[in-house]
Amino acid sequence: IKFPSLRYSNKTYSLDIFEDRLKKAMEHYHDKLQREENMSTGLIVGPEDTWQLSVVIYICTQVVKSAGGDITRLIDEFKRKGKRS
């Protein structure tokens, strides 16, 4: 018989909702991120009904931006492993 470790991860999350026009919300969060000098958080904007599409478009643009470097790195890694064999 194995008992659980009884370790728990107690994390608190909050949701910040800004209710106003989209343009004002964009300005609010843009200003907030600049004040905090937050370089690791981004703001994705899209219509309420299709916000998921905005996230997918963002992900795709990030993949396209990094694909060239990633492929080059993979080829270099493959060549290095080939030389070791």
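How many salt bridges does the structure hold? In this predicted model, the structure holds one salt bridge. Its partners are Asp 70 and Arg 73, whose closest N and O atoms are 3.5 Å apart. Asp 70 and Arg 73 stand three residues apart in helix α2, so about one helical turn separates them.

**Overall form**

Two helices and zero strands make up the secondary structure of the protein chain. The radius of gyration of the protein chain is 21 Å, whereas a compact globule of 85 residues would have one near 12 Å. Along the principal axes, the C-alpha atoms fill a box of roughly 60 × 50 × 30 Å.

**Surface and charge**

Of the 85 residues in the protein chain, 5% count as buried. The protein chain exposes about 8800 Å², and carbon and sulfur atoms supply 58% of this area. There are 15 positive and 12 negative side chains, with the centres of the two sets 14 Å apart.

A nonpolar surface patch of about 320 Å² is formed by Leu 22, Met 26, Leu 43 and Val 45. Of these residues, Leu 43 lies in the loop between α1 (22-36) and α2 (51-84).

| Residue | Relative accessible area | Class |
|---|---|---|
| Asp 70 | 32% | partly exposed |
| Arg 73 | 44% | partly exposed |
| Leu 43 | 43% | partly exposed |

Leu 43 thus contributes to the nonpolar patch from a loop position, while Asp 70 and Arg 73 form their salt bridge within helix α2.

How values were computed
Residues are numbered from 1 along each chain as its sequence is written. This is a predicted model: local features need pLDDT of at least 70, side-chain atom pairs count only at pLDDT 80 or more; totals for chains, interfaces and linings use all residues. Side-chain values use heavy atoms; hydrogens and water are left out. Helices (H or I, at least four residues) and strands (E, at least two) are DSSP runs, numbered from the N terminus. The radius of gyration is taken over C-alpha atoms; the globule rule is 2.2 Å times the number of residues to the power 0.38. Buried means under 20% relative accessible area, exposed over 50%, partly exposed in between (1.4 Å probe, protein chains only). Accessible areas come from the Shrake-Rupley method with a 1.4 Å probe; for residues, only the protein chains shown count as cover. Lys and Arg count as positive and Asp and Glu as negative; His and the chain ends are not counted. The place of a charge is taken as NZ of Lys, CZ of Arg, CG of Asp or CD of Glu. Patches are made of residues with over 30% relative accessible area and no salt bridge: like charges are joined within 9 Å, nonpolar side chains (Val, Leu, Ile, Met, Phe, Trp, Tyr) within 5 Å. A salt bridge is a side-chain nitrogen of Lys or Arg within 4 Å of a carboxyl oxygen of Asp or Glu.
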